[in-house]
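Hello,

Here is the structure I promised to pass on to you. Please open it next to this note, and my findings follow below.

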Amino acid sequence: SDLVRLQHYPGLEMLDLANLLALDRILFDSEFMKRTVTGNIENMNAEVARAIDQRSCIVGLPLDTDFIDSCRQNRSFHRTTIVFNHAPVEAKGPREFIKVAEHALGRFDINVMFTRAFDDGDPGASDLRDLRSRFGDRVILGNDMPLRDYFEALWMSDIQVSTAYHESLGVATLEAMYTENCCLLPSRGSYPEICSGNRDVLYNSTSELEERLAFFITRPDQRRSVGQVLALEARNHSAAKVMPRILSVVEDVLEVAHVPSW
């Protein structure tokens, strides 16, 4: 299910599968990821896929909302700011975003912020250097910002864009959603799930993304309204919502195994 894992640990798929089968419960962060894993296993062995499915629960992943709230800023950047807060790996589509950002920077007086460091050889690294050379300090390079600086910057920014091809949940996007960014997301992976199918923010092509981006750059009231709606969705991923689901699974396993609860 993970391009990064396949690239760095080739040939270990069967070991991963054996480890899954040895577990009493398997916790997934999204319906999409459960469907992806069980579907891929079913293509090889339907009986094994059923066993995995029966042991699986969807619980999500908790955001540290208390810390994010402590970083809240009442100030904004001097320009409308678009943020790309994904790692510079192929699965996140950084080259596609940089091309979209180049067009937007050429049309509008905006900032584009990259929160993660792009090292030599990373996908999109040379494109980002060219973008910075052309547009100067309107291209903000976070270079792996400290966590507090990162969340402060999210609170100060306006629009987040994802071009990811693989996303099991979308924690970076949920963080941007929680900080009231208007997030523009591809209609794939877990994105329709975490935004409840919000048609204002989901796009199906690069041209549609560019149109949607131009719309929200020029209409601050609409982007703030959409950002507030997305922030409410992100609250469903707070620790207060996620941890009871995880604890419930653990308690169920202990009860089945007749192990005294702590």
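Asn43 sits in the loop between α3 and α4; helices here are DSSP runs of H or I with at least four residues, strands are E runs of at least two, and both are numbered from the N terminus. With a relative accessible area of 68%, Asn43 is exposed (exposed is over 50%, buried is under 20%, and partly exposed lies in between, using a 1.4 Å probe and protein chains only). Between Asn43 and Gln54, which are 11 residues apart along the chain, the C-alpha distance is 17 Å.

Before going on, please keep in mind that this is a predicted model, in which local features need pLDDT of at least 70 and side-chain atom pairs count only at pLDDT 80 or more, while totals for chains, interfaces and linings use all residues. Residues are numbered from 1 along each chain as its sequence is written, and side-chain values use heavy atoms, with hydrogens and water left out.

The axes of helix α3 (residues 31–42) and α4 are 7 Å apart, and the pair packs at an angle of about 155°. Axes are lines fitted to C-alpha atoms, for helices over the stretch in contact, and angles run from 0 to 180 degrees between N-to-C directions. α3 and α4 are therefore roughly antiparallel (over 145 degrees; under 35 is roughly parallel, 65 to 115 roughly perpendicular, and the rest oblique). On the α3 side, Lys34, Thr38, Ile41 and Glu42 meet Ala46, Val48, Ala49, Ile52 and Asp53 of α4, where contact means heavy atoms within 4.5 Å. Sorted by class, this contact of α3 with α4 has five nonpolar, one polar and three charged residues (Ala, Val, Leu, Ile, Met, Phe, Trp, Tyr, Cys and Pro are nonpolar; Asp, Glu, Lys and Arg are charged; the others, Gly among them, are polar).

Helix α4 (residues 46–54) also has helix α2 (residues 13–21) as a partner: their axes come within 10 Å and cross at roughly 50°. That angle makes α2 oblique to α4. Leu17, Leu20 and Leu21 of α2 make the contact with Val48, Ala51 and Ile52 of α4. This contact of α2 with α4 has six nonpolar residues, no polar ones and no charged ones.

Asn19 is also in helix α2, and at a relative accessible area of 44% Asn19 is partly exposed.

Another spot to look at is the loop between β5 (139–141) and α8 (147–156), where Asn143 lies. Most residues other than glycine have a negative phi. Asn143, although not a glycine, has a positive phi of about 50°. Asp144 is in the loop between β5 and α8 too, and phi of Asp144 is positive as well, near 60°. Asn143 counts as partly exposed at 48% relative accessibility, and Asp144 counts as partly exposed at 46%.

Finally, the whole protein. The secondary structure comes to 13 helices and eight strands, and 46% of the 262 residues are buried. Along the principal axes, the C-alpha atoms fill a box of roughly 60 × 40 × 35 Å.

Happy exploring!
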